[in-house]
Protein chains: 2
Amino acid sequence: MSNSDIDIARAAKPLAIKKIGENLDIPWEVLSPFGHSKAKINLDFINSLQDKPNGKLILVTAISPTPAGEGKTTTTVGLGDALNYIGKKAAICLREPSLGPCFGMKGGAAGGGYAQVIPMEDINLHFTGDFHAITSAHNLLAALIDNHIHWGNELHIDARRVTWKRVMDMNDRALRNIVSSLGGAANGYPREDGFDITVASEVMAILCLATSLEDLRKRLGNIIIGVNRQKQPVRARDLQADGAMAALLKDALQPNLVQTLENNPAFIHGGPFANIAHGCNSVMATKTALKLADYVVTEAGFGADLGAEKFFDIKCRKAKLSPAAAVIVATVRALKMNGGIAFTEVGQENVEAVKKGCANLARHIRNVKSFGVPVVVGINRFNTDTDAELAAIRESAAAYGVEAIVCTHWSDGGKGAEQLAHKVVALAESGASQFAPLYDDSLSLWQKVRTIATQLYGADDIIADKKVRAEFARFEEEGFGHLPVCIAKTQYSFSTDPQLRGAPSGHMVGIRELRLAAGAEFVVVICGDIMTMPGLPRLPAANQIGINAQGQIEGLF
Amino acid sequence: MSNSDIDIARAAKPLAIKKIGENLDIPWEVLSPFGHSKAKINLDFINSLQDKPNGKLILVTAISPTPAGEGKTTTTVGLGDALNYIGKKAAICLREPSLGPCFGMKGGAAGGGYAQVIPMEDINLHFTGDFHAITSAHNLLAALIDNHIHWGNELHIDARRVTWKRVMDMNDRALRNIVSSLGGAANGYPREDGFDITVASEVMAILCLATSLEDLRKRLGNIIIGVNRQKQPVRARDLQADGAMAALLKDALQPNLVQTLENNPAFIHGGPFANIAHGCNSVMATKTALKLADYVVTEAGFGADLGAEKFFDIKCRKAKLSPAAAVIVATVRALKMNGGIAFTEVGQENVEAVKKGCANLARHIRNVKSFGVPVVVGINRFNTDTDAELAAIRESAAAYGVEAIVCTHWSDGGKGAEQLAHKVVALAESGASQFAPLYDDSLSLWQKVRTIATQLYGADDIIADKKVRAEFARFEEEGFGHLPVCIAKTQYSFSTDPQLRGAPSGHMVGIRELRLAAGAEFVVVICGDIMTMPGLPRLPAANQIGINAQGQIEGLF
């Protein structure tokens with residue numbers, strides 16, 4: 001295991017993307033190649049698949065994340081390869097990584113070890129340009145807002161209440177809060193403004209939930225950018241921005257096709273935040289994959305409390321998807337941290353801590369089952385794991401009637417997850433899934449949040465001050481009460497306190513703010529400090545990135 | 001001629017880009033396709049061509065621009081097609097259009113009528129992502145600067161004197177002047193900042209002048225972002241930004257290959273501003289085209305006073321290119337405006353105004369000849385032109401020993417410029433070109449500017465206040481005196497007054513400011529108000545852009 005991810009990726013023997021397409025019965029003419037190992041898939045072709053039966057959809061989710069790492073993407077890739085290894089026609093669906101974090105702390109996000117998607121450098125940098133298109137479309141709308149105000153403000157936009165910020169795919173704290181339009185009359189009316197990172201853009205969420213170009217344009221038009229002087233919402237449509245935004249996003253809406261190290265098909269498309277957005281890859285990609293493969297393995301952001309909940313309650317509800325099974329990824333190390341152990345000590349055997357941390361796993365198992373989806377636990381094995389620790393997880397899962405299977409895809413590729421694949425097939429073929437979202441559309445927004453908090457987070461109740469309660473009331477009055485809610489809270493705890501690992505209960509979930517994503521069609525419920533523009537660390541990863549004498553990119557992990 | 005540019009472009013029968021490559025002896029493996037009608041060309045393949053002889057380089061430049069339009073790009077495309085039509089192996093080299101202006105006033109920039117490059121919508125929107133890559137690389141450096149200051153400012157960067165702004169490929173006046181890093185300690189130290197449009201980025205100029213990945217990285221490292229508290233320059237290299245920036249630009253450095261409506265090869269790569277930068281397509285593209293074709297037709301921005309001068313004195317000097325001939329594009333309409341007629345009256349016959357306006361043409365002819373390059377005038381014909389007006393241009397050109405040839409490529413494609421093509425071949429084959437830049441490297445910066453102003457602009461002298469003169473002295477002292485100068489002045493006049501059309505002389509050229517582009521390796525000499533971030537007009541073109549029922553983009557002209 002002394003090889004780095006990038007060495008392994010470079011040693012891979014990728015097939016031409018044309019061949020990957022052929023393996024899924026995608027004709028070359030409907031693929032738009034980007035180099036010889038990436039392609040976009042034509043929307044007309046996708047439409048032509050409508051009457052084909054769907055494959056089985058498998059969700060990969062995880063326990064509450066810790067600095068020890070869980071390996072959700074790695075497991076998604078490993079399971080996809082394993083399903084192909086045991087003779088199934090399987091594809092995976094992942095989110096596109098954001099450029100910003102690559103230059104900060106995190107490095108790339110394309111799996112790891114022998115469970116990666118390639119071409120790794122491309123996927124981590126510009127890929128097929130989707131995020132750049134989203135950035136452009138988002139900022140075009142921003143420019144049109146200030147331009148409208150500058151030229152006379154016919155719509156009477158209240159410049160103090162413009163909620164549409166600008167975006168950049170960069171970790172840049174200096175842009176979080178700015179004053180714009182300074183420098184005199186030619187530059188417009190100065191106002192407070194700011195930038196979010198592109199993955200936090202509502203345009204990203206819209207692209208990932210849109211089901212056609214027409215639906216995309218409709219949703220873009222529905223975006224609310226702020227209010228007028230009568231406090232009525234002003235939409236992107238009122239600024240005639242939707243057409244040009246859709247034109248900018250026309251190609252970005254096409255799903256991207258790449259491959260795993262084992263030459264199996266991977267759809268990597270869209271990447272909304274998993275806090276202020278729904279955190280899954282695009283509906284277009286998932287639906288396309290389901291028409292072309294018998295098994296589609298996909299992941300959702302963060303732990304199951306955030307990622308799986310939104311996958312089920314937002315994506316599956318809206319796109320009418322019905323998952324056949326779910327894998328909850330756990331590691332011995334992360335369970336120890338959930339059991340109260342510090343990061344520096346996760347490498348030492350501690351069966352008690354594992355057992356204690358399994359309370360977190362148990363809660364996630366219970367939660368995922370509550371959506372009617374059968375569950376298996378995938379243990380992403382590390383070198384330091386001991387047999388006793390692994391046994392503790394198996395026992396803990398068994399207590400909930402769930403099997404926990406040790407996987408070694410990181411070091412062994414698809415065959416390392418063979419057993420997991422067999423179990424997933426068994427669950428999916430059993431027809432045991434009786435998927436239903438957690439709450440009905442007809443429930444009030446407040447009750448929707450309360451249902452999630454009490455039934456999934458173990459909270460006693462939710463609380464909010466008068467101002468926030470008034471927001472709830474206003475959204476109901478304005479006709480947005482039927483929308484699903486998208487909860488933005490810390491990913492590290494079932495509570496709103498990131499320090500509270502394990503499976504806390506009896507807490508109160510405080511709601512700070514509501515934000516309407518009228519185009520994406522959900523109401524964001526903010527419970528805690530949510531960072532929508534990260535900063536770079538003291539020693540940014542960017543400092544180590546370069547190009548070697550062979551013209552290859554170095555330092556991108 | 002009732003067909004719009006977009007209708008004509010859509011009716012075209014494009015060849016697969018693979019076939020366009022084959023016609024230039026480029027193997028499929030070294031092309032990175034972007035869809036089926038665009039591709040990038042592998043740098044290793046380009047290196048392998050080094051020992052091949054060069055084709056002949058033809059510059060297309062123009063008289064001083066007016067709102068009547070000249071058609072430089074159209075003529076470049078038409079001439080390229082015409083050379084192929086008469087049996088030569090010819091390619092064209094153009095700049096990539098900027099996304100920002102597409103949504104403002106201007107619409108697209110891919111030629112017009114039957115002299116266009118395709119796929120027109122792609123070229124005008126994201127194309128192969130080069131501008132997005134430049135935006136990212138530029139803004140990564142900006143983020144690293146503020147991040148460095150935030151974390152302790154080890155380099156003692158003077159935050160008041162950071163000259164590296166941020167960029168966006170958008171017309172957005174609200175971003176011209178901002179205050180950044182507001183909102184408390186977590187967001188850094190507030191300072192005055194701003195955005196330029198991406199084409200104004202020094203990274204754009206660097207990409208267009210770089211001769212290899214290594215040279216690119218070196219130049220990126222040389223960028224000066226401001227000074228430290230001791231007023232010493234701080235470079236991108238000091239912030240360890242050059243490696244990551246080069247990684248972001250690795251693919252963008254590869255020239256793009258597309259085709260004309262007549263299926264002839266077109267290299268469209270890079271697009272620096274023609275005022276604060278040198279305004280030509282990339283050295284990589286031009287050099288590659290010269291290895292693969294017998295004739296390479298390229299254009300330079302604005303009129304010959306700015307575009308051709310910089311093409312000769314910056315690009316050809318640095319890249320050791322030797323143009324074989326130049327075409328100066330003129331129109332009857334634009335010459336009338338240079339002769340003092342208002343835009344509203346250019347459609348009416350006025351032989352006297354044409355004759356008067358020919359003073360502008362004559363000055364440009366003299367200027368281009370002063371570089372030792374043989375000249376022909378291409379008259380881009382409009383329907384309203386009369387025989388007497390065309391004759392007036394021919395006579396005027398003949399007085400300078402130059403032929404003026406009427407071209408109808410806009411309505412007839414390549415065969416409409418057949419006569420021009422024959423003349424260009426005759427000039428190029430004659431071996432008459434004795435190209436040399438206007439001034440020696442060894443001349444002082446002040447004398448370089450003075451040479452251009454007096455010999456090309458017809459000025460009596462140049463002037464600058466004490467502060468600016470001190471800047472000249474400082475750059476000489478710091479060792480930048482050997483660099484070429486890049487003059488930023490209005491494109492509408494030989495003087496610095498945009499209202500002064502025709503061929504003014506005896507004026508003084510006032511220098512307001514110097515800016516050092518240490519990575520691009522030229523000194524920008526600012527003479528007048530230069531807009532580096534445009535705004536949108538009252539009725540932006542964006543309002544009309546959309547997608548029709550066939551999924552095609554509408555409203556992009």
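A:Glu70 is buried, its relative accessible area being 10%. Keep in mind that this is a predicted model.

Me: Why is A:Glu70 called buried?
Reply: Buried means under 20% relative accessible area. A:Glu70 comes out at 10%, so it gets that label.

Me: Okay, and where does A:Glu70 sit in the chain?
Reply: You'll find A:Glu70 in the loop between strand S3 (56-62) and helix H4 (72-85) of chain A. A:Gly71 lies in the loop between S3 and H4 too.

Me: What does A:Glu70 touch, not counting residues up to four places away in sequence?
Reply: That list is A:Ile63, A:Ser64, A:Pro65, A:Val329, A:Thr331, A:Ala334 and A:Asn380. As for A:Gly71, leaving aside its neighbours within four places in sequence, it is in contact with A:Val329 and A:Asn380.

Me: What makes the pair A:Thr66 and A:Glu70 a polar contact?
Reply: The cut-off for a pair of N or O atoms is within 3.5 Å. Here the backbone nitrogen of A:Thr66 is 3.1 Å from a polar atom in the side chain of A:Glu70.

Me: Which record lists A:Glu70 under "binding site"?
Reply: UniProt does, in an unreviewed entry, and A:Thr66, A:Gly71 and A:Lys72 are among the other residues listed there.

How values were computed
Residues are numbered from 1 along each chain as its sequence is written. Chains are lettered from A and ligands numbered from 1 in the order in which they are written. This is a predicted model: local features need pLDDT of at least 70, side-chain atom pairs count only at pLDDT 80 or more; totals for chains, interfaces and linings use all residues. Side-chain values use heavy atoms; hydrogens and water are left out. UniProt positions are given in the numbering used here, feature names are shortened, and annotations may be inferred rather than shown by experiment. Helices (H or I, at least four residues) and strands (E, at least two) are DSSP runs, numbered from the N terminus. Buried means under 20% relative accessible area, exposed over 50%, partly exposed in between (1.4 Å probe, protein chains only). Contact means heavy atoms within 4.5 Å. A polar contact is a pair of N or O atoms within 3.5 Å; within protein, one must be able to donate a hydrogen and the other to accept it, and residues adjacent in sequence count only if both atoms are side-chain atoms.
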